[in-house]
Amino acid sequence: GGINYSGYVRIEDQALVRGNIGNAVSGNIGIDMSGGLVTGVVRLGAGNMMTLNLDGGAILGGVQGIWGDHNLQMTGGTIDGGLHTGATVRGEISGGRVNDGVLIESRYGSDLRITGGQFDTSLDDWLFQFASEPGSDGMSGLLEIWGGQFGYSDAGQGFLIDDLMSFSIHGRDLVYSSGWLTGYLSDGSWFSNALTFGSNWQGTFTIHNVPEPETIALFLVGLVGMTLAQRNRKKSA
């Protein structure tokens, strides 16, 4: 059956939860998952503090939730059914796999850093949707991408950024043209996805391009050569 609690639970090895996991009313919860299987939904929300550390195992029903504070750290494991939440998300995804997209619509803004992992969704859905909660004043937030594979199997409609949310991406040869953002991420992964800004968008969009290692090496060689040439001229004089 399901688990409804406040406090802390660890899921590992061959553990099996045949149902949903949720938090009791006015109860803060923490989940550490390094293995095992949850066949239902992990529901986080109702104004509570929530922590999800996922480095193994699988959640088949997705991660959902309403408003609250959600600390997310994902280094491995699989989330099927997507990560769809109205909570304020703070954290990092550096590994693992998320199927069926990421939807974060938070009242108080969110800050999510992605350095790795694999993300896919169906044809008619957004791969990432980052916005304020509908009907709320909203606060600013940041989606920051350094690495990962986006749309490895299916990217759907790509990215939607709206309201006061900002988007920042790091890599090389990144170009935004005709609604598409393409180039290489900092971890060397190829990135090619549709990028749409909503009608209420008031955030910022920043591309951080760094030179290739070969270019930096050539620059340093040239700089050393110029320094030696200047010293030789001084000696000749």
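I began with the strand pairing: β7 (residues 49-59) and β9 (residues 69-79) run parallel and are joined by nine bridges. I take strands as DSSP runs of E, at least two residues, numbered from the N terminus, and two strands pair if DSSP finds at least two bridges between them. Within this pair, I found Thr-51 opposite Asn-71 in β9.

A note on my source: this is a predicted model, where local features need pLDDT of at least 70, side-chain atom pairs count only at pLDDT 80 or more, and totals for chains, interfaces and linings use all residues. Residues are numbered from 1 along each chain as its sequence is written, and side-chain values use heavy atoms, with hydrogens and water left out.

I then followed β9 onward. Six bridges join β9 to β11 (residues 88-93), running parallel, and Leu-72 faces Gly-91 in β11. β9 also runs parallel to β12 (residues 97-99), with two bridges; there I saw Ile-79 opposite Val-98.

Next I looked up Gly-65, which sits in β8 (residues 63-65). Its C-alpha is 6.0 Å from that of Gly-86, 21 residues away in sequence. Beyond residues up to four places away in sequence, Gly-65 touches Leu-44, His-84, Thr-85, Gly-86 and Ala-87; contact means heavy atoms within 4.5 Å.

Thr-121 is buried at 6% relative accessible area (buried is under 20%, exposed over 50%, partly exposed in between, with a 1.4 Å probe and protein chains only). Leaving aside neighbours within four places in sequence, its contacts include Asp-100, Trp-126 and Asp-154.

Terms used: Helices (H or I, at least four residues) and strands (E, at least two) are DSSP runs, numbered from the N terminus.
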